[in-house]
Amino acid sequence: MEKIQEVKGLGGMLNGFRDLVKDDQKIIFVGSPGFCTPFALFLGYPVREKEMAFIPGLDSEKARKLVATESGMELGEKCNFEADAVVVLGGMAMPKIGVKAEEMADFLAKMKYKKLIGVCFMSIFEKAGWCQALKFDSVMNIILEGDISRR
């Protein structure tokens, strides 16, 4: 894939995501339950005026709306809608989750959408072979660095 933009820090991640979906009104996030849920809520905040949903795992019947509240983004009621953009979150490609790229491709084939975006950390889509197996329009790969200090 061709690199089109540098993204630095969490603010850069949010701004980069907003740029990726600027022309989309309906967005569905697909991610592992628990681990990916807060990332969908985080990414949804700068585009909170759009219609959004989160699908945990490969179970579209458990899809929930993402709702903007005074406390930030939260999961709302069950929903089902077509999307302009489907955002696959990197937790789905992690070995402990156990979803194979072919399973994700089969799941996506049952959905109606115009654009497929991947958002991951530490190149997990590349390492798991998902960049080759899925027809991503864009992939946002974030590399976080940090440390823990003690007095």
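Helices (H or I, at least four residues) and strands (E, at least two) are DSSP runs, numbered from the N terminus, and the expected span of a helix is 1.5 Å times one less than its number of residues. The model is predicted: local features need pLDDT of at least 70, side-chain atom pairs count only at pLDDT 80 or more, and totals for chains, interfaces and linings use all residues. Residues are numbered from 1 along each chain as its sequence is written, and side-chain values use heavy atoms, with hydrogens and water left out.

**View 1. Helix α1 and its buried residues.** Twelve residues make up α1, which reaches 17 Å from its first C-alpha to its last, close to the 16 Å expected at 1.5 Å a residue. G12, M13, L14, G16, F17 and L20 are the buried residues of this helix; buried means under 20% relative accessible area, exposed over 50%, and partly exposed in between (1.4 Å probe, protein chains only). Their cover includes β1 (26-31), α2 (37-44), β5 (85-89), β6 (115-121) and β7, where contact means heavy atoms within 4.5 Å.

**View 2. The largest pocket.** On a 1 Å grid over the protein atoms alone, a pocket is an open set of points where a 1.4 Å probe fits, with protein on both sides within 12 Å along at least five of seven lines, and lining residues have an atom within 4 Å of a point. Grid points are joined across faces, edges and corners, and a volume is the space filled by probe spheres set on the points. The volume of the largest pocket is about 680 Å³. Its lining has 24 residues, of which K3, Q5, V139, M140 and N141 are the closest to the centre. Two or more lining residues come from each of α1 (9-20), α4 (124-127) and β7 (138-142); β7 gives the most, with five. By class, the lining of the largest pocket has twelve nonpolar, six polar and six charged residues (Ala, Val, Leu, Ile, Met, Phe, Trp, Tyr, Cys and Pro count as nonpolar, Asp, Glu, Lys and Arg as charged, and the others, Gly among them, as polar).

**View 3. The second largest pocket.** This pocket has a volume of about 240 Å³. I55, S60, N80, F81 and M111 are the closest to its centre among the 14 residues that line the second largest pocket. Nine nonpolar, two polar and three charged residues form that lining.

View 4. The structure holds six salt bridges, each a side-chain nitrogen of Lys or Arg within 4 Å of a carboxyl oxygen of Asp or Glu. K62 is partly exposed at 49% relative accessible area, as is D59 at 29%. K65 is partly exposed, with a relative accessible area of 33%, whereas E77 is exposed at 52%.

**View 5. Positive phi at M122 and S123.** Most residues other than glycine have a negative phi. Phi of M122 is near 55°, and that of S123 is near 60°. M122 lies in the loop between β6 and α4, where S123 is also found. M122 is partly exposed at 41% relative accessibility; S123 is partly exposed at 23%.
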